[in-house]
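Please find below my notes on the model under review.

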Amino acid sequence: MRILVTGGAGFIGSHLIDRLMGANHEVICLDNFYTGRKQNVLQWLNHPNFELIRHDVTEPIRLEVDQIYHLACPASPVHYQYNPVKTIKTNVMGTLNMLGLAKRVKARFFLASTSEVYGDPEVHPQPEEYRGSVNTIGIRSCYDEGKRVAETLAFDYHRQNDVDIRVVRIFNTYGPRMLENDGRVVSNFIVQALQGHPLTVYGDGSQTRSFCYVSDLVEGFIRLMDNDYIGPINLGNPGEYTILELAQSIQKMVNPDAALKHEPLPQDDPRRRQPDITKAKTMLKWEPVVPLKEGLELTIADFRTRLEAEGKLTVS
Ligand code: NAD
Ligand code: UDP
Ligand code: UDP
């Protein structure tokens with residue numbers, strides 16, 4: 001099959017491409033390199049089944065493909081808030097263009113949506129039926145309202161134009177190839193611990209998140225794409241931790257001498273988040289298999305190698 005992956009040079013997209021290339025598909029990676037890196041797909045650049053296109057999804061593009069995995073969009077609050085108007089354009093115009101493409105070539109269309117559509121949830125854990133509690137005018141809105149519109153577009157193209165869609169709501173995911181300056185909690189804590197800096201816990205650290213290792217997530221993507229169920233479906237690891245617990249685990253694993261330092265909690269920071277994955281278990285026979293400690297070890301090893309290569313490792 002010929003498969004388009006938008007955002008394919010990013011963290012999750014590049015792991016997905018590794019899986020698709022391993023299954024002998026033809027893969028087109030489309031990325032504007034806003035937060036993605038050529039390095040992430042370097043191993044495939046000379047492969048005859050692989051093509052890399054520098055393109056911004058907010059502009060139309062004509063391609064002939066059988067499937068589209070639409071992931072293009074910055075995912076970390078630091079990056080998506082840097083240029084919020086661009087973020088919402090990417091979510092709205094970018095998704096519209098990819099749905100227009102899917103309609104024209106009759107490709108199956110997969111949308112990477114997010115647990116952020118639940119906002120700061122009043123229902124815990126969050127099932128797919130929960131409609132969310134989102135601030136329309138806050139600093140996270142460009143991302144979470146953008147993804148809500150992207151879901152709406154997908155379902156309207158499905159009802160109106162028979163586009164074959166799949167929609168997944170991704171909960172916090174981590175693993176090798178996260179950016180060093182990504183701003184997300186797992187990468188921040190690991191880089192801080194490896195460099196002997198204090199781990200920056202925002203607020204009192206009692207807010208919770210549930211962290212899924214990237215290989216588990218990609219397995220869920222493939223299962224949904226190959227399934228008749230269109231979603232939306234939650235994919236994430238139900239293991240819930242406070243941010244303080246995460247800081248202490250990483251501190252213990254990397255550098256017990258690293259200090260913890262509290263910084264102000266960002267505006268609209270969700271208090272807690274945990275996926276209800278009953279649907280993924282029943283419809284896709286999927287559940288995560290990589291425990292947090294094991295996933296963190298793999299992620300720490302990757303950061304250690306990269307920081308060492310750049311001469312930025314201070315704790316051995
Ligand atoms: P990432 O920032 O590493 O990857 C996003 C990729 O999209 C990057 O390569 C970036 O350069 C590219 N991109 C951004 N805007 C673009 C544009 N206008 N045109 C073309 N390419 C563009 O982030 P990620 O963690 O790999 O996230 C991938 C997808 O998964 C995103 O859609 C994100 O919203 C979603 N998601 C991720 C998480 C998570 O925890 N990582 C959670 C929920 C949802
Ligand atoms: N589009 C695209 N590639 C295609 C087909 C469509 O980028 O192969 C874009 C198109 O430019 C438009 C969007 O997708 O902006 C929606 O297309 P659709 O055909 O649904 O709407 P229309 O073009 O009729 O407004
Ligand atoms: N966080 C933190 N220190 C950091 C980065 C993030 O305490 O250096 C907190 C953040 O306030 C949030 C949680 O960790 O409560 C997860 O943040 P992240 O940006 O990784 O993801 P999201 O908020 O989008 O789930």
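1. In this note, Ala, Val, Leu, Ile, Met, Phe, Trp, Tyr, Cys and Pro count as nonpolar, Asp, Glu, Lys and Arg as charged, and the others, Gly among them, as polar. On that basis the shell around ligand 2 divides into four nonpolar, two polar and three charged residues. A residue belongs to such a shell if its C-beta atom, placed from the backbone, lies within 6 Å of the molecule. For ligand 2 the residues are Pro 60, Ile 61, Arg 62, Leu 96, Asn 97, Gly 100, Leu 101, Lys 103 and Arg 104.

2. The model is predicted: local features need pLDDT of at least 70, side-chain atom pairs count only at pLDDT 80 or more, and totals for chains, interfaces and linings use all residues. Residues are numbered from 1 along each chain as its sequence is written, while chains are lettered from A and ligands numbered from 1 in the order in which they are written.

3. Helices (H or I, at least four residues) and strands (E, at least two) are DSSP runs, numbered from the N terminus, and two strands pair if DSSP finds at least two bridges between them. Seven strands form an open sheet in the order β3-β2-β1-β4-β5-β6-β11, with parallel pairing. The edges are β3 (50-54) and β11, each with a single partner strand, so one side of each has no neighbour in the sheet. From one strand to the next the twist averages 20°; axes are lines fitted to C-alpha atoms, for helices over the stretch in contact, and angles run from 0 to 180 degrees between N-to-C directions.

4. Strand β6 (residues 165-170) deserves attention. A residue is buried if 20 or more other C-beta atoms lie within 10 Å of its own, exposed if 12 or fewer, and partly exposed in between, with C-beta atoms placed from the backbone. Six of the six residues of β6 are buried, so the strand is largely enclosed by the rest of the structure. Ile 165, Val 167 and Arg 169 point one way, and Arg 166, Val 168 and Ile 170 the other way.

5. Which strands are joined to β6 by bridges? Strand β5 (residues 108-114) runs parallel to β6 and is joined to it by six bridges; Leu 111 has Val 167 as its bridge partner, and Phe 110 has Arg 166. Three bridges join β6 to β11 (residues 233-235), also parallel, and Arg 169 stands opposite Asn 234 there.

6. Ligand 1 has 28 residues around it, of which Gly 7, Gly 10, Ile 12, Thr 35 and Gly 36 come nearest. The elements giving two or more residues to this shell are α1 (11-22), α3 (84-105) and β5; α1 gives the most, with three. By class, the shell divides into 13 nonpolar, 13 polar and two charged residues.

7. Around ligand 3 there are 15 residues, the closest being Arg 184, Val 185, Asn 188, Thr 200 and Tyr 202. Two or more residues come from each of α5 (185-194) and β8 (199-202), and β8 gives the most, with three. Seven residues of the shell are nonpolar, five polar and three charged.

8. The loop between β5 and α4 holds Pro 121 and Val 123. Are these residues buried or exposed? Pro 121 is buried, with 20 other C-beta atoms within 10 Å, whereas Val 123 is partly exposed, with 13.

9. Most residues other than glycine have a negative phi, and most peptide bonds are trans. The bond from His 124 to Pro 125 is cis, with omega near -10°, and a cis bond also joins Gly 231 and Pro 232, with omega about 0°. Phi is positive at Asn 24, near 65°, and at Phe 33, about 60°. Asn 24 is exposed, with 9 other C-beta atoms within 10 Å, and Phe 33 counts as exposed with 11 such neighbours.
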